[in-house]
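Please look through the structure first.

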Amino acid sequence: MIAGPAKVLIITYYWPPSGGAGVQRWLKFAKYMPASGWLPVILTVRPEDAVYPFRDNTLYGEIPLEVEVYRTKAINYFSLYNKDQSKIPHSGFASAAEQGIKGFLSRFIRGNLFIPDPRRGWNRYAFRKACELIRTGKIRHVITTSPPHSTQLIGLKLKKKFPGIKWIADLRDPWTEIFYYDMFYPTPIARQIDKYYEKSVLKKADLITTVGYTLARQFEAIDDGIEGKIKVIHNGYDDSDFQNITPSIPERFTISFIGTVSYAYPFDGFINAVKSILSQDLDLVIRFIGTISEDRQQMLVASLGSEHLEFVPPVDHQTAIEQMVSSSLLLLILAQHRDNRSFLSGKLFEYIASGRPVLCLGPVDGDAAKLLENHNFGKCYDYFDAIGIESFILTHIRNPLRTRTVPPVEFTRRHLAEQVIKLL
């Protein structure tokens with residue numbers, strides 16, 4: 001009798017039709033794992049109960065036919081804030097401005113009554129279904145991925161009930177050290193509870209994966225005995241996303257930012273650099289594709305003029321890729337925070353794969369800066385280094401057809417999925 005592929009249960013809140021960065025990592029890994037003899041069994045939330053940054057139905061086409069997907073109901077605690085899902089702020093309210101008493105109360109309730117986050121309304125249903133799948137499918141390997149970090153509590157509970165399973169906790173972002181954590185005004189008790197959850201997950205998981213080396217060291221420092229079981233698996237890019245797309249150089253020099261603009265992103269140095277360039281009778285346009293608040297838009301228009309700005313609503317993933325390769329230069333901004341040296345967004349790797357030069361604003365000694373400069377993909381400048389930012393942009397305005405660096409195979413999703421298989 002020929003044995004079938006080994007099964008691994010992947011518990012993830014973000015799955016198609018979810019759009020945004022959170023869905024890409026395990027959607028892409030699941031795409032390539034079957035070729036190595038592992039069958040992903042996906043446990044996720046029902047779309048009608050979920051709260052996503054936005055929806056991208058085109059991602060359904062990325063799911064291999066052999067991958068099993070199970071969806072459960074959830075309690076949508078965000079509906080207490082607003083029945084209209086489109087009005088719920090992204091990134092845990094980090095992308096929304098503080099607006100009077102409602103803004104304060106919403107954040108305070110989020111940070112003190114829903115620990116670690118409001119999406120834990122899915123946990124009881126996900127845990128029940130996970131137990132069923134483990135028993136009936138004889139599954140011995142479980143991966144939980146976060147954010148939302150409440151998903152890790154499902155893994156913690158499963159490990160207690162099934163001590164023989166191998167549990168990998170995948171943490172794509174910091175937990176209690178995330179840059180917007182203090183925006184929730186956590187009381188000392190709330191902070192202590194959240195840190196207890198975080199430490200428990202790190203101690204009980206058999207392995208921990210994360211996206212970068214600085215973030216790995218931050219998790220290692222939380223408690224003794226964690227160091228040996230943390231492995232770095234970068235986000236990477238899917239080279240198939242870039243097939244059959246012909247790169248183009250726009251007639252007008254175009255700087256594109258793709259994603260959500262957070263209030264933790266300082267624009268001062270960038271704006272001053274662009275103003276200086278425009279004063280030299282040079283022309284350019286800055287295109288923001290994704291979510292940006294109305295007041296941020298107004299601030300940029302007041303500073304640079306509407307003729308030099310484009311604001312495009314969120315687009316599906318393939319369109320985002322097309323926008324990248326049809327830009328002159330790509331803008332990456334890392335949140336201003338004491339731990340931002342660890343920030344390595346998934347978007348960065350797709351920026352790299354586009355072949356366009358990347359201008360990064362953030363810590364010049366961080367992981368993103370090292371990655372860009374070590375491979376000649378671009379350069380990182382301090383948020384307020386207007387002179388350096390201006391020099392970088394001018395270099396590419398004057399040399400728009402420079403040979404582009406081909407990203408190494410080690411950053412492809414296919415290669416990184418093989419690293420996941422080795423851990424299993």
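Helix 10 passes helix 11 in a right-handed crossing (right-handed if the near helix is turned clockwise from the far one by less than a right angle, left-handed if anticlockwise). Helices here are DSSP runs of H or I with at least four residues, strands are runs of E with at least two, and both are numbered from the N terminus. The model is predicted: local features need pLDDT of at least 70, side-chain atom pairs count only at pLDDT 80 or more, and totals for chains, interfaces and linings use all residues. Residues are numbered from 1 along each chain as its sequence is written, and side-chain values use heavy atoms, with hydrogens and water left out.

The table gives the packing of two helix pairs. Axes are lines fitted to C-alpha atoms, for helices over the stretch in contact, and angles run from 0 to 180 degrees between N-to-C directions.

| Helix pair | Angle | Axis distance |
|---|---|---|
| Helix 10 (346-353) and helix 11 (367-374) | about 10° | 12 Å |
| Helix 3 (123-137) and helix 4 (150-161) | about 40° | 10 Å |

Helix 10 and helix 11 are therefore roughly parallel to each other. Helix 3 is oblique to helix 4. The cut-offs are under 35 degrees for roughly parallel, over 145 for roughly antiparallel, 65 to 115 for roughly perpendicular, and oblique for the rest.

Which residues join helix 10 to helix 11? Leu348, Phe349 and Ile352 of helix 10 meet Ala368, Leu371 and Leu372 of helix 11, where contact means heavy atoms within 4.5 Å. This contact has 6 nonpolar, no polar and no charged residues. Ala, Val, Leu, Ile, Met, Phe, Trp, Tyr, Cys and Pro count as nonpolar, Asp, Glu, Lys and Arg as charged, and the others, Gly among them, as polar.

Helix 3 also passes helix 4 in a right-handed crossing. The contact includes Phe127 and Ile134 of helix 3, and Leu153 and Lys157 of helix 4. By class, it has 8 nonpolar, 2 polar and 3 charged residues.

Next, the backbone. The peptide bond from Pro16 to Pro17 is cis, with omega near 20°. Pro17 sits in the loop between strand 1 (6-11) and helix 1 (24-32). The bond from Ile115 to Pro116 is cis too, with omega near 5°. Pro116 belongs to the loop between helix 2 (100-113) and helix 3. Tyr185 is not a glycine, yet has a positive phi of about 50°. Its place is the loop between strand 5 (166-171) and helix 5 (188-204).
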